[in-house]
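Open the model in your viewer and keep the selection tool at hand. Each stop below tells you what to pick and what is there.

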Amino acid sequence: MPTPSLASLPIRRLTLRDLAACADLSEDRGWLREEHKWGFLLTAGKGYGIDDPDGGLVSACVVTEYGPQERPALAAIGMVLVAERHARQGVGRRLMRHVISAMGTTPLTLHATPHGRPLYEELGFKVTGRAEMVCGRFTPDGPQPTVATRAATAEDLAAILRLDEQAFGTDRTHIVTRLPAFADQLRVAEEDGRIIGYAAAWPNMDTHVVGPLIARDTSAAQALIASLAAHTDRPLRTDIDVRHTELLAWVKDRGLAPVAFNSVMSYGFTELPGDWSRRFAPVTVAAG
């Protein structure tokens with residue numbers, strides 16, 4: 001039998017049963033396997049992929065929708081991968097066009113590496129921001145944050161959801177309610193008994209990723225990071241909006257080193273909704 005052409009291979013929805021194949025695809029491209037993150041994304045969002053007739057996946061990506069289920073207000077695209085043996089043959093472009101078409105009029109966002117940015121620009125995405133990835137062992141130094149923090153409880157959920165929607169700009173209950181099971185830590189910052197910020201730290205290989213990080217101001221964000229660091233022996237990793245220059249300088253002074261920059265890109269709108277001044281870091285760049 002002749003081998004089907006890449007252009008004729010069908011694009012299908014991925015499920016949690018495809019987790020190992022997605023992790024294999026990550027590894028094929030030199031990424032970490034990140035099975036824990038893949039599991040989260042495949043259950044909280046929609047996966048799309050192309051099967052390789054010889055086994056595994058030719059390509060994959062995930063889409064995380066936010067807002068009303070019947071009419072999402074925003075969707076984030078992430079984990080766009082093409083197997084090395086099929087790279088530079090238009091597969092990623094075809095998969096992205098399929099996703100854009102499937103999402104209709106829903107505004108789209110993604111975090112692009114320098115390598116991926118030209119493709120997204122060709123497809124009509126515009127750069128609307130930047131995020132800097134930092135990673136390292138957090139070392140407490142200098143004046144300690146004065147904002148009070150504690151572990152979140154079930155009773156905090158309503159307040160966390162309200163704060164999150166104000167900062168993010170649309171409802172993401174299906175993400176926030178998964179955090180207690182997905183993350184090793186979920187902590188809140190409070191003042192006079194009122195929650196003014198929250199953050200999670202979830203396991204990713206040998207690190208803990210800080211995200212989401214939502215806070216009233218830089219002081220609350222610092223307190224949350226410091227409290228998360230105090231309860232883990234792993235290095236921390238996070239992706240901070242570059243407009244938060246004070247927080248970036250603070251974490252670098254305490255051992256987190258710059259790793260990479262990603263471009264925040266949008267399709268169908270010019271600026272992310274919500275309040276960027278309270279939105280310090282995403283759950284993961286793959287989910288916006």
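A pocket is found on a 1 Å grid over the protein atoms alone: it is an open set of points where a 1.4 Å probe fits, with protein on both sides within 12 Å along at least five of seven lines, and its lining residues have an atom within 4 Å of a point. Its volume is the space filled by probe spheres set on the points, which are joined across faces, edges and corners.

This is a predicted model, where local features need pLDDT of at least 70 and side-chain atom pairs count only at pLDDT 80 or more, while totals for chains, interfaces and linings use all residues. Residues are numbered from 1 along each chain as its sequence is written, and side-chain values use heavy atoms, with hydrogens and water left out.

**Stop 1: the second largest pocket**

Select His111, Asp241, Val264, Leu272 and Arg279. Of the 24 lining residues, these are the closest to the centre of the second largest pocket. Its volume is about 340 Å³. Now colour strand E6 (126–136). E6 gives the most to this lining, with four residues. Helices (H or I, at least four residues) and strands (E, at least two) are DSSP runs, numbered from the N terminus.

**Stop 2: the largest pocket**

Pick Trp31, Val80, Leu81, Thr113 and His115, which lie nearest the centre of the largest pocket among its 38 lining residues. About 1100 Å³ of space lies there. Strand E4 (74–82) is one of the contributing elements. E4 gives the most to the lining, with six residues.

**Stop 3: the cores**

A nonpolar core is a set of buried Ala, Val, Leu, Ile, Met, Phe, Trp, Tyr and Cys residues joined through side-chain atoms within 4.5 Å. Buried means under 20% relative accessible area (1.4 Å probe, protein chains only). Select Trp38, Leu41, Leu42, Tyr66, Leu179 and Tyr198. They have the most contacts inside the largest core, which has 39 residues. Helix H2 (residues 35–44) gives the most to this core, with five residues. Then find Ala220, Ile225, Ala229 and Leu236, included in a second, separate core of 27 residues.

**Stop 4: helix H5**

Select residues 157–168, the twelve residues of helix H5. Which residues of H5 are buried? They are Ile160, Leu163, Asp164, Ala167 and Phe168. End at glycine 169, which follows H5 and has a positive phi, near 95°.

Methods
Expected span 1.5 Å × (residues − 1). Buried < 20%, exposed > 50% of the residue type's maximum accessible area, 1.4 Å probe, protein only.
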